[in-house]
Amino acid sequence: AVVSTQSTGCRASPIRIKKLEDIELLFCNFHHLINKFRPHQALETLIQMIKIQKDQKLKLVEQTNSKVETARSGIFTTINSLPSSLCTTVKEEMVTEDGRENVKDTSCDVVFEEKMRIIESLIDAELDT
């Protein structure tokens, strides 16, 4: 015990000694309760940090999606603003597996759709990483 009983006079009063022992017990109990609360406090702090990180990542995803949509609309606007004479028919030259050349006429819309599928797959692959 921290309480010293070697004092003289009123300092050695049994009532005073009892009160000091009670105060010492209260401090010991406070200390114990604080130490019991620390794991809970650490867990709550960790939960808050994870929520903040989640919110930041969701905001980043929303910003990225917004930029992707802006890029898509820019591409569509550019394609739609092309003169129609450029987009009537496109000849595709393909080399088959046996080495022969194959030439086929394809409408500009089909070529555009194929290129857009490729661009979208590249964007999706980039977003997945």
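Colleague: Why is Leu26 called partly exposed?

Modeller: Its relative accessible area is 48%. Buried means under 20%, exposed over 50%, and partly exposed lies in between (1.4 Å probe, protein chains only). So Leu26 is partly exposed, at 48%. This is a predicted model: local features need pLDDT of at least 70, side-chain atom pairs count only at pLDDT 80 or more, and totals for chains, interfaces and linings use all residues. Residues are numbered from 1 along each chain as its sequence is written, and side-chain values use heavy atoms, with hydrogens and water left out.

Colleague: What makes Asp22 and Lys18 a salt bridge?

Modeller: Their closest N and O atoms are 3.4 Å apart. A salt bridge is a side-chain nitrogen of Lys or Arg within 4 Å of a carboxyl oxygen of Asp or Glu. Therefore the pair of Asp22 and Lys18 qualifies.

Colleague: Why are Asp22 and Lys18 separated by about one helical turn?

Modeller: Because they are four residues apart in helix α1. That helix covers residues 14-80; helices are DSSP runs (H or I, at least four residues), numbered from the N terminus.

Colleague: How many salt bridges does the structure hold?

Modeller: Two. Arg72 and Glu69 also meet in one, at 3.1 Å, N to O. Both lie in helix α1, three residues apart.

Colleague: How do you know whether Arg72 is buried or exposed?

Modeller: Its relative accessible area is 18%. The limit for buried is under 20%, so Arg72 is buried. Glu69 has 46%, so Glu69 is partly exposed.

Note on methods:
Helices (H or I, at least four residues) and strands (E, at least two) are DSSP runs, numbered from the N terminus.
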